Amino acid sequence: MPFYVYIIGTKEPKKRTYVGWTNNIKKRLELHNASKGAKFTRGSKWVLLYKETLETKSLAMKREHALKKDQNFRNSIRQKLTWDTIVTSTI
């Protein structure tokens, strides 16, 4: 079963990004938008900005941790992409 690391973004009330991992990206995004995801994401409309596919849960969790610490990468995602664009590294 594949696992995904993703970055979602919102413009409301200000531009923010959130990094997470899941094995069902569509369902996870729906939960974030229904204010049932992580506490940080509640109350905002989120769009998928970036995702990576990984083979194991362990790899996904390690990659999530790396992306959370990599502010330069997250800032480049914010600057280069429009908020309704979806970028995938692998499907």
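User: Why is F73 called partly exposed?

Analyst: F73 has a relative accessible area of 23%. Buried means under 20%, exposed means over 50%, and partly exposed is what lies in between (1.4 Å probe, protein chains only). The value of 23% falls in between, so F73 is partly exposed. This is a predicted model, in which local features need pLDDT of at least 70 and side-chain atom pairs count only at pLDDT 80 or more, while totals for chains, interfaces and linings use all residues. Residues are numbered from 1 along each chain as its sequence is written, and side-chain values use heavy atoms, with hydrogens and water left out.

User: What makes F40 and W46 a tilted pair?

Analyst: Rings of Phe, Tyr and Trp (its six-membered ring) pair if their centres lie within 6.5 Å; planes under 30 degrees apart count as stacked, over 60 as edge-to-face, and the rest as tilted. By this rule there are five aromatic pairs. The ring centres of F40 and W46 are 6.3 Å apart and their planes stand at 45 degrees, so this pair is tilted. F40, at 42% relative accessibility, is partly exposed, whereas W46, at 1%, is buried.

User: Why is the pair of Y50 and F73 called edge-to-face?

Analyst: Its planes are at 75 degrees and its centres are 5.2 Å apart. An angle over 60 degrees counts as edge-to-face, so the name applies.

User: Which parts of the chain does the pair of Y50 and F73 tie together?

Analyst: Y50 lies in strand β3 and F73 in helix α3 (residues 71–80), so the pair links parts that are 23 residues apart in sequence. Helices (H or I, at least four residues) and strands (E, at least two) are DSSP runs, numbered from the N terminus. Y50 itself is buried, at 10% relative accessibility.

User: Which residues form an aromatic cluster, and how do you know that a charge sits over the ring of F40?

Analyst: Y6, Y18, F40 and W46 form one aromatic cluster. A charge sits over a ring if NZ of Lys or CZ of Arg is within 6 Å of the ring centre and within 35 degrees of the ring normal. The charged end of R16 sits over the ring of F40, 4.8 Å from its centre.

User: What makes a set of residues a nonpolar core, and which residues form the largest one?

Analyst: A nonpolar core is a set of buried Ala, Val, Leu, Ile, Met, Phe, Trp, Tyr and Cys residues joined through side-chain atoms within 4.5 Å. The largest has ten residues: F3, V5, I7, V19, L49, Y50, L54, A60, L67 and I77. Elements that give two or more residues to this core are β1 (3–10), β3 (47–54) and α2 (57–69). Apart from it lies another core of eight residues, including Y4, Y18, A38 and W46. In soluble globular proteins, nonpolar side chains tend to be buried together.

User: Which residues does V5 touch, leaving aside its neighbours within four places in sequence?

Analyst: Contact means heavy atoms within 4.5 Å. By that rule V5 is in contact with V19, G20, W21, Y50, K51, E52, L54, A60, R63, E64 and L67.

User: Why is β1 said to be largely enclosed?

Analyst: Eight of the eight residues of β1 are buried, so the rest of the structure largely encloses this strand. Both of its faces are covered, with F3, V5, I7 and G9 buried on one side and Y4, Y6, I8 and T10 buried on the other. Strand β3 is mostly covered, with six of its eight residues buried.

User: What pattern does the protein chain follow?

Analyst: The chain has three helices and four strands, in the order β-β-α-β-α-α-β along the sequence. Of its 91 residues, 38% count as buried.
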